[in-house]
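Thanks for making time for this. I would like to walk through one model with you, going from its overall division down to single residues.

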Amino acid sequence: MIPHRCVLACLVLGSVGCNGRDGPPAFDGPPVRVTCTTTIVADAVQRVGGDRVRVDTLMGPGVDPHKYIPFPSDRRKLDDAHLVFYSGLHLEGKMADLFEKNKDRWRAHAVAGGIDPAKLLNADADGGEHDPHVWFDVQLWKYAVEAVRDGLAGLDPPGADTYRANAAAYLKELDALDADIRKQLATVPADRRVLVTSHDAFGYFGRAYGFEVVGLQGVSTASEVGTARRAELAKLLGDKRVPAVFTETSVPDDGLKAVLDDVRKSYGHEVKLVGGDDALYSDALGGPGSPGATYPGMVRHNVGVIVAALSR
Ligand SMILES: [Zn+2]
């Protein structure tokens, strides 16, 4: 019988390193072996690290990080890495706990972990944990890029100048990206600036670019959707005559479809479900060759889709 993946994960990640070591491998020159949790984090590491890094990623394109359960092969990827970068702020659910509890075993850095809490949103109205989806505000994601730069330079001082130069060029590119999408998003009329998605990933986007943002599910996809929540969302869509809602590449769309049926029946309003090739990239990049294969590509794709669907 094949053991359940959860049981495997405990066996795999719960004991000492697979090379008989309790700590990370010694680093004696490039390439720096880096293991990242999400594709979004890996993209920043590749941009800053350039030729000096070899990047491996645990969660591939389209994978939901909130509910991710480690594979047996993840242990080797973590144990073999000189550095581990993860997003942090509890995005990675169970994996984040693992990094917190095993600080000596891996050199693990949470790229969003050092962002000034005053700049962060709460995960819900009652406060509590922070919303982890910081990459949807391009200005905020720059802090993560700086954390990557500092993490790489700390392990590999001879490469520090390279990391600083790569990061500086990339941060400049992100400023240009931010200015560009601001211009595009400004064309969406004020009364149509409502962004409805499968889960609450776009809070920072809404704050940065002036949209009311509503997710069917909460900040984590691990939460259940109650009937009250569905009815509340249907009412908002019906009352505001919202023209379109958006599916996400890393979240199933059946929940949103059910809400749109309710809106049709109860409010006589037809809402467009934007999906397929136009689904928004939320917690994972797209595969190689797709428009969302890089972080700037993902941002441009999302903004293009949002502007097209909500403009008159
Ligand atoms: Zn999410």
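Predicted model: local features only at pLDDT ≥ 70, side-chain atom pairs only at ≥ 80, totals over all residues.

The centres of domain 1 and domain 2, taken over C-alpha atoms, are separated by 27 Å. The bounds are 5-178 for domain 1 and 183-310 for domain 2, and such bounds come from an automatic or database domain assignment. Residues are numbered from 1 along each chain as its sequence is written.

How many residues of domain 1 are in contact with domain 2? There are 28 of them, and they meet 24 residues of domain 2, where two residues are in contact if their C-beta atoms, placed from the backbone, lie within 7 Å. On the side of domain 1 that touches domain 2, the elements giving two or more residues are H2, strand E5 (122-124), helix H5 (138-155) and H6. Helices (H or I, at least four residues) and strands (E, at least two) are DSSP runs, numbered from the N terminus. H2 supplies the largest share of that side, with four residues. By class, that side of domain 1 has 14 nonpolar, seven polar and seven charged residues; here Ala, Val, Leu, Ile, Met, Phe, Trp, Tyr, Cys and Pro count as nonpolar, Asp, Glu, Lys and Arg as charged, and the others, Gly among them, as polar.

**Helix packing around H6**

Let me turn to H6, starting with its partner H2. The axes of helix H2 (residues 39-49) and helix H6 (residues 160-185) come within 7 Å and cross at roughly 120 degrees, the axes being lines fitted to C-alpha atoms, for helices over the stretch in contact, with angles that run from 0 to 180 degrees between N-to-C directions. H2 and H6 are therefore oblique to each other, given that angles under 35 degrees count as roughly parallel, over 145 as roughly antiparallel, 65 to 115 as roughly perpendicular and the rest as oblique. From H2 the contact takes Arg 47, Val 48 and Gly 49, and from H6 it takes Tyr 163, Asn 166, Ala 167 and Tyr 170. Those residues divide into four nonpolar, two polar and one charged.

With H5, the axes are 10 Å apart and the packing angle is about 175 degrees, so H5 and H6 are roughly antiparallel to each other. The residues that make this contact include Val 138, Trp 141, Val 145 and Leu 152 of H5, together with Tyr 163, Ala 167, Tyr 170 and Leu 174 of H6. In this contact of H5 with H6 there are 12 nonpolar residues, one polar and five charged.

**The nonpolar core**

In soluble globular proteins, nonpolar side chains tend to be buried together. In this model the largest nonpolar core has 82 residues, and those with the most contacts inside it are Val 45, Phe 85 and Val 148. A nonpolar core is a set of buried Ala, Val, Leu, Ile, Met, Phe, Trp, Tyr and Cys residues joined through C-beta atoms within 7 Å. Setting aside residues up to four places away in sequence, Val 45 touches Val 34, Cys 36, Val 53, Val 55, Phe 85 and Val 148.

**Backbone details in the loops**

Which peptide bond is cis? The bond from Pro 30 to Pro 31 is, with omega near 5 degrees, and Pro 31 sits in the loop between helix H1 (5-13) and strand E1 (32-36).

The loop between strand E3 (83-86) and helix H4 (94-101) holds Leu 89, whose phi is near 55 degrees, a positive value in a residue other than glycine. His 90 lies in the loop between E3 and H4 as well, and has a positive phi of about 70 degrees although it is not a glycine. Is each of these residues buried or partly exposed? Leu 89 counts as buried because it has 22 C-beta neighbours inside 10 Å, whereas His 90, with 19, counts as partly exposed; a residue is buried if 20 or more other C-beta atoms lie within 10 Å of its own, exposed if 12 or fewer, and partly exposed in between, with C-beta atoms placed from the backbone.

Finally, Leu 121 lies in the loop between strand E4 (108-110) and E5. The C-alpha atoms of Leu 121 and Asp 131 are separated by 5.5 Å, with the two residues 10 apart along the chain. Leaving aside neighbours within four places in sequence, Leu 121 is in contact with His 130, Asp 131, Gly 203, Tyr 204 and Arg 207.
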